[in-house]
Each structure stands twice: as structure tokens, then as C-alpha cells.
Amino acid sequence: AKMFGIEDKVDVSPLFETVLSLRAWTSPNRHRLHEPWRRRVLTAWKQCDTEMLTALVSPDGRIPDFLAPRPPTESPAFDDEIAVVGATPAAEMRRDIAAAFSAEIPAVLIGPARAVRTRTVQALSQYWSTCLQPDWARIRAVLDGDVDYRAQQLSHFGARKMFEHLDSRVRWDDGVLWVDRLEHQVWVDVDGRGLPLIPSVFVHGAITQISPTRAPSLVYPDR
């Protein structure tokens, strides 16, 4: 992905962490670092709507973009972010689900749009409150430390140096940000919209959203 007009800021998103952490349950062998956390919250996990939560992650690890919208404010609360998910237009939700699943779409994501959206919001809200929120202070401390580090890099050395150390998939070249992840090249002009940089403890490499209607964001692994 090639992005123009970068106006970057580093942010923390509880919804992004909630959604991205689902991969630790669907692909535990790739998330061995989080095994102690999974064991600790296993009882709470089993009381969640695990059918819906696991269905939100495709077999190859993709997650529909509408589940992680761009943070509406700096340092957003989970409730503010999940409200954006709950207001996603039906057509946009359907498009993002279809894009995430190259094979068969899970049955729980095929029903009436309002019912699917409502169940998704309820499942993520319960999962957040029982499995993520109890550990959020510790997770937030790690992410805030990364935010401070990136802000210092940007202030002292500029965008090129900061992106050099962000992730091996990311490079900065003459005002253009390249994210080497997609199988095909996509060009996105973010001029005037900015590009939030969002650290995560649940990703192994940088990922970004490429949507025809939604401003992009870049998620990267914390230090």
C-alpha cells in the first residue's frame, strides 16, 4: 500500500486491541506469548459469545474493517469506539465481511444486517469487559510507553527515522509511506485526513485498512 500526504499521530485504541486479540484464540500457536493471559481469562472467555467472536476472524486471520474503525477521538473510550461499529451502514458491513473471507462466510455473519451488527456489538462488549478491561491498565501502560517513544523519535529525528524503526514492513520515501503487506498494490491519498499510528500488543507486523469509504489507519507491533 502506498500512502500520500501523511499527517501522523500515535494513538491507543481499546477496540483495536479487543478485536486484534481474537486472533490469540483462533490461532493460539501464533500467539504463544499470550498463553498466560489466555489461561487466566479462560473461564470468562467461555462465558462470552465465542461462536460470534471466533467467526469474526477468517481462517487466514483477516478481520472485517468495520470492526476497527478509525478512533473517533484521541485516547478514545471503548464505549465510544463500539458505538461507531454499531452505527455501521448495512452495505458497508456486508462489503467488509465479504472482503475478509475469501472462502465461505460463517453463518452467524450472514443473517439480517441489524441482527448481525447487534450481536457483534454485544459479543465484543462482553468480551472487552470480562477479558480485556481487567488487564487494560497494564496493556495501556505498555502502549503509552510506545506512544511516547515514537513521539520523541518523530520530534527529534523526523518521519523517516521513526518509520524506519516502526516495523520491517513499513518504509518512508519522500513523503510517501509504503506498507509491504498486500498481494497487490493499492494507492491511497490520505492528505488532509491524517493517518493515526496505533500500537498493539497483539500484532506481529504492521497492518493497515484500505477502504474506499473510510480513512485509513496503521497498526504496528509495540516495542
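Two strands pair if DSSP finds at least two bridges between them. Helices (H or I, at least four residues) and strands (E, at least two) are DSSP runs, numbered from the N terminus. Everything here comes from a predicted model, where local features need pLDDT of at least 70, side-chain atom pairs count only at pLDDT 80 or more, and totals for chains, interfaces and linings use all residues. Residues are numbered from 1 along each chain as its sequence is written, and side-chain values use heavy atoms, with hydrogens and water left out.

**View 1**
Let's start with S8, which covers residues 218-221. Strand S6 (residues 195-200) runs parallel to S8, with four bridges between them, and Leu197 sits opposite Leu218 of S8. Strand S7 (residues 207-208) pairs with S8 too, but in the antiparallel sense, over two bridges. There, Ile207 has Val219 in S8 as its bridge partner.

**View 1. Which way the side chains of S8 and S6 point.**
In S8, Leu218 and Tyr220 point one way while Val219 and Pro221 point the other, and all are buried. Buried here means under 20% relative accessible area, with exposed over 50% and partly exposed in between (1.4 Å probe, protein chains only). How many of the six residues of S6 are buried? Six of six, so S6 is mostly covered.

**View 2. Helix H7, end to end.**
H7 takes in residues 113-132, 20 residues in total. Among the buried residues of H7 are Val116, Leu124, Tyr127, Trp128 and Cys131.

Leu109 lies in the loop between helix H6 (90-100) and H7. Is Leu109 buried or exposed? Leu109 counts as buried because its relative accessibility is 3%. Leaving out residues up to four places away in sequence, Leu109 touches Met52, Ala55, Leu56, Arg94, Ile97, Phe101 and Val116; a contact means heavy atoms within 4.5 Å. Leu109 and Arg119 are 10 residues apart in sequence, and their C-alpha atoms are 9.5 Å apart.

**View 3. Two cysteines, Cys48 and Cys131.**
A disulfide is a pair of cysteine sulfur atoms within 2.5 Å, and a search of the whole structure turns up zero of them. Cys48 is in no disulfide, and the nearest cysteine sulfur, in Cys131, is 4.3 Å away. Cys48 is buried at 8% relative accessible area, and Cys131 is buried at 0%.

**View 4. An aromatic cluster.**
Trp25, Trp37, Trp45, Tyr127 and Phe202 make up one aromatic cluster. Rings of Phe, Tyr and Trp (its six-membered ring) pair if their centres lie within 6.5 Å; planes under 30 degrees apart count as stacked, over 60 as edge-to-face and the rest as tilted. By this rule there are six aromatic pairs.

**View 5. Stepping back to the protein chain.**
The protein chain has nine helices and eight strands, and buried residues make up 52% of its 223 residues.

Methods. Expected span 1.5 Å × (residues − 1).
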